Amino acid sequence: VDAKKSELLQGTLDLMILQTLHALGPLHGFGIARRLEQVSRDVLRLNEGTVYTSLLRLQQQDWITAEWGTSENNRRAKFYAITARGRKQLETETENWERISSVIRRVLRLQPESEP
Amino acid sequence: MNARGPSRLRAFAARLRGLVLGARHDKQFDDEVEEHLRLLADRFVAQGMSREEATRAARRQFGNTTTLQEDRRALQTLPSIESLWQDVRYATQALVRQRGFAVTAVLTLGLGIGLNASMFSIINAMLLRPLPLDRSDELVWIASTRMSSGGALDKLSYTDVIRISDVSALSHVTAYGDLTVTAVARQEAVRINGQAVVGDFFAVLGANVYRGRAIGQTDDDPAAHPAAVISFRLWERLFSGDDAAIGEPLRMNDQTFTVVGVAPRGFVGADVLKKVDVWVPAATAAQSDDDRRKMQERLWLIGVGRLAPGVNPDQATAALQARATAIAHDSPRSREGFTLQAVPLHGSPPGERKGAPAASAMLLGVTIAVLLIACANVANLSLVRGVARAPDIALRLALGASRTRILRHELAESVLLAMAGAGVALLLAHIVPALLRRLVASPIDVDFTPDLRVVGFTLAVSLLTVLVCGLIPALRTSSVAPARAINTQKGPAGQRRRLQRVFVTGQLALSFVLLVAAAVFLKSLVLARHVDVGFKPDGRVAVEFDLRALGYSGERSEAFVRTLLDRVRRVPAVREASLAHFIPLGGRTTIGTVTTRASSVSTDTGAVLNFVWPRFFETLDMAVLRGRAFAEADQIGSPAAAVVNQALATQLWPHRDAIGEELSLDGPGGPFVQVVGVVRNASLTGNARPAVYLPGRPTDTSLALLAWVDGDSAQSLRAVEREVRSLDARVAILRSDTLRHHIGERLEAERALSRVLGVFGAAALGLAAIGLYGLVAYTVVARRREVGVRVALGARAGDVLRLFVVDAGRLVVAGIVVGLPLAIGVTMVLEGSFFGVQIADPVAIGTVALVLAGVVVTAAYLPARRALRVDPAVALRSPD
């Protein structure tokens, strides 16, 4: 896999997880995966395991924290929560994303002039 | 969402944490993944799958757990440390594959660095290592200067020490003065160095005695019975380590002391460079009231103080200076500009480090030269290896290895080499200082065992050497463009060969300098053997003995030496015999001030004094140029007669005959003695000091019996010794040897240095030869194709060999051209510092050049022969 492409994918996943934790509050890894599955309406077919790599990356930047707790069916699980720094990052990245995607959308709408 | 700038630091910190928590993270992560898989499977079961199917589906959806775990590890720890082990393994394999290179590099490095580490451990032992004394960091030298000493460091008087002792910045003050004594106990006599000490010397230094008690304040009372503490060494030598030694008498010069204690093994007082065997209270150094007054005012003591708690040397200096000003104020003009200073106690006292610098600077220079040569070798080897590995590295670069990764491998190899080299070096550092000590026959008893400081130094030098010498070529290798390296294998080979040639030329130049220096020293020794010293030392023997410890009165001594001379002269092998206080050019002497009677201007001059018996000049065959030698009548001393050497005669009476002139050794007040003869100068160097010979008195000092003998001198020596013993078996014989050996001792330093230089020069030449061998071997490989063409076209073996040997010859010439001015410069410096050493002469230079050329041609010839084995058919088809 090309390094740049994977970086882009990673970035997208990171952003989606941040947004999920921002919207739903603390969740464990399984919960995050389910939410992503749900909102992407199965469009985003992913190796669910990569969620954990992403979570680790986010933790290292102190954008999320992790804590051991008890899940709804009374099992030990790690719960992830977004931090203040994470919210700020989410804001910046969302703006970036929207700016870039609007540019891309506009670019993609352009019609070739020479065609009839 | 990429991590940049400060967030990288954050990630790095997290990784560091991860590195520490590694195992725990693994387990937690596994748990988390397992739980996730279970939940997924449960969900599939709820959707109607069988448990087995559900588990498989869950795994499918989750993805590869092993890759995930690996990704996680890569994220959570430091990959450079993770793969360090891998690098080390890879480097080890690489080095094992290139055994020849590895062994040569390690040995070369080991030798170069080992010699440096040895030198460092000597310096460390002498100057850097804290003394084996209690809380030695609190100890300071009390260094003094005064105006009339021209800023040079000076000693203290007994009165000074007493006045300094209540300076509150120092909790304790002591001092010592060096003495040379003849000590006699249990029928055996030795000449040893001693120290007269003030106050609680042992207590201040924090040294306990091994047996008995230390001397201290109470022994300072002139009325106290003279007590002595002897060294462990002397205790073993004179008393065979017997506990009964405590309380036994020890005669020193003409005083009897009682042994009260034995110092711990290895204790030498405050100055580690001294070999001291006895300590006595300073008060006992004075035997009469007159002596005592002199002793109290004479500047002969070296002060040592212990800093009061919480005081640093600067504060102590300030306090001492205030006291110095007070002392200068109360004292005569001679103490003008008197200053005192507290200097941390390491090595010798600040004023006593004369003689050593020239020799130690030379030794240091020599070791650095050897290190440079070794360094050039490693660089050369690395270059050669770089060429061999260029295709390999290029291939790896082409396959996507990063340059950093390749450099890391090179670095790992370098570090491994450095470690191995340091190992060899430390082994050498363990052995060499002891060998050096034997080589220079040093009397200094210092423990040279390498300590942590030496290990640290060695590792640092090794790493630095390898990084500088090994990594720069590696950088160049890895900068080769892959395509070029794979296609042609040439790369910047020509450039590299030039660099190699520069290295080898430099090595040869340095070896040349070292060898010329060694040759020059050797020549000075050969010359010293043949130089005309003004008398004939061959066939003469000398026996030094001491009567003072026997309690002989003046008359009995007189009778003793008279009888002895009679008897010795009757020994069949003895042609002539006489006595003197000092063996001419034997190293011990006394200096007097000579004043002439009839002069308005001051004609004081320093002269070497010797007190001799009749037939002294005849025994040594020292020519009497004018007047006469001493006769029996002169011994009685009326009128008093003196014989002077030519140097004194020309200095004091340049235009007159010296015979009949009068001179005094006690100032213008006399008594005056008449010059009855002028004799040839006695000197090792050709520029003789003025000398005065006076009729001998037997009681003042030890005596030397000189005899001119026929045949085997060892037998004659035994015969002479027998005569001495037969007169009185208790006589202390200090040394008996041929006159050559007695004089030769003077040249011990030069001899030792020439040996050291010879060894180092040979090591340097050996290293340079290895370097050259490597260069030629490499050239042979690089020019394989050319050789193939030549052989195919009909070149003969001789032509091919000449190709390489002539090339090596050019390097020798270049090396000598570069080295010659250096060698001349170095020998010029040596000429100024060592006896008999002359500026490099054509013979020395020619000899060294021949040796160098011989070694180089051999080093070139051996690998060049391999070129002959090249099969033209193979060489021409090879990709080179």
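This is a predicted model: local features need pLDDT of at least 70, side-chain atom pairs count only at pLDDT 80 or more; totals for chains, interfaces and linings use all residues.
Over residues 488-492 of chain B, pLDDT stays under 50, and the model places five contacts beyond four places in sequence for this stretch. Among the elements of chain B, helix 15 (residues 482-488) has the lowest confidence, with a mean of 54, whereas strand 6 (residues 227-230) has the highest, at 92. For chain B as a whole the mean pLDDT is 78, and 79% of the residues reach 70 or more. For the complex, the predictor reports an ipTM of 0.83 and a pTM of 0.56.

Strand 6 of chain B is covered on both faces. Ala227(B) and Val229(B) lie on one side, Ala228(B) and Ile230(B) lie on the other, and all four are buried. Strand 6 of chain B runs parallel to strand 8 (residues 255-262) of chain B, to which it is joined by four bridges. Within that pairing, Ile230(B) has Val262(B) as its bridge partner. With strand 9 (residues 278-281) of chain B, strand 6 of chain B forms an antiparallel pairing over two bridges. Here Ile230(B) stands opposite Val278(B).

Ile230(B) and Val278(B) also belong to the largest nonpolar core, which comprises 44 residues. Together with Ile164(B), Leu250(B) and Met252(B), they touch the most other members of this core. The element that gives the most to the core is strand 3 (residues 170-185) of chain B, which supplies six residues. When residues up to four places away in sequence are not counted, Met252(B) touches Val181(B), Thr182(B), Ala183(B), Ala228(B), Phe257(B), Val278(B) and Val280(B). Ala228(B), one of these residues, is buried in strand 6 of chain B. Another core, of 32 residues, lies apart from the largest one; its members include Val516(B), Leu772(B), Ala859(B) and Ala867(B). In soluble globular proteins, nonpolar side chains tend to be buried together.

Between the two chains, 26 residues of chain B are in contact with 33 residues of chain A. The area buried between chain B and chain A is about 2,700 Å², and carbon and sulfur atoms give 56% of this area. One salt bridge is found across the interface of chain B and chain A. In this salt bridge the side chain of Arg43(B) meets that of Glu37(A), at 2.9 Å from N to O.

Notes. Residues are numbered from 1 along each chain as its sequence is written. Chains are lettered from A and ligands numbered from 1 in the order in which they are written. Side-chain values use heavy atoms; hydrogens and water are left out. A nonpolar core is a set of buried Ala, Val, Leu, Ile, Met, Phe, Trp, Tyr and Cys residues joined through side-chain atoms within 4.5 Å. Buried means under 20% relative accessible area, exposed over 50%, partly exposed in between (1.4 Å probe, protein chains only). Contact means heavy atoms within 4.5 Å. pLDDT is the predictor's confidence in each residue, from 0 to 100. Two strands pair if DSSP finds at least two bridges between them. Buried area is the accessible area (1.4 Å probe) that two parts lose on being put together, summed over both. A salt bridge is a side-chain nitrogen of Lys or Arg within 4 Å of a carboxyl oxygen of Asp or Glu.
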